[in-house]
Amino acid sequence: MKLKPTSTNLGISLICIGTIITAYHTAELVADKFKGTKIRSHISFALLGLVTFSIGCNLVADGLHDHLAKAYA
């Protein structure tokens, strides 16, 4: 089975990647061993993960909209 690069597949991938990035950097922010010198880096990457997650959600919604438009056209 070969996956086609559709907006839904790309969106699901971006949602997974964004979740992983955000979870890791947020966990580092609240860890007891966290040093104050890298706070900007962790906040920036946590926000990048949220943006990636948001883009993935929009791609999935667009793919579902296209699929439903074809089904009911």
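What does Leu64 count as, judged by its relative accessibility?

Reply: Happy to take you there. Leu64 counts as partly exposed, because its relative accessibility is 47% (buried is under 20% relative accessible area, exposed over 50%, partly exposed in between, with a 1.4 Å probe and protein chains only). Before we go on, please keep in mind that this is a predicted model, where local features need pLDDT of at least 70, side-chain atom pairs count only at pLDDT 80 or more, and totals for the chain use all residues. Residues are numbered from 1 along the chain as its sequence is written, and side-chain values use heavy atoms, without hydrogens and water.

Leu64 belongs to helix H2, which covers residues 39-71 (a helix is a DSSP run of H or I with at least four residues, a strand a run of E with at least two, numbered from the N terminus).

From Ala61 we can look across to Thr19: the two are 42 residues apart along the chain, yet 17 Å lie between their C-alpha atoms.

Now let's step over to the partner of H2. Helix H1 spans residues 7-30, and the axes of H1 and H2 come within 7 Å of each other, crossing at roughly 160° (axes are lines fitted to C-alpha atoms over the stretch in contact, and angles between N-to-C directions run from 0 to 180 degrees). The two helices are therefore roughly antiparallel.

Thr22 sits in H1 and is buried, with a relative accessible area of 15%. Apart from its neighbours within four places in sequence, Thr22 is in contact with Ala46, Gly49 and Leu50 (contact means heavy atoms within 4.5 Å). His25, likewise in H1, is buried as well, at a relative accessible area of 12%. Its contacts, again leaving aside neighbours within four places in sequence, are His42, Phe45 and Ala46.

Finally, here is the whole chain around your starting point. There are two helices and zero strands. The radius of gyration is 17 Å, well over the 11 Å that the globule rule gives for 73 residues, so the chain is more spread out than a compact globule (the radius is taken over C-alpha atoms, and the rule is 2.2 Å times the number of residues to the power 0.38). Along the principal axes, the C-alpha atoms fill a box of roughly 55 × 25 × 15 Å. Buried residues make up 15% of the 73 in the chain. Of the contacts with a separation of 6 or more, 74% join residues 24 or more positions apart.

Note on methods: Parallel < 35°, antiparallel > 145°, perpendicular 65-115°, else oblique.
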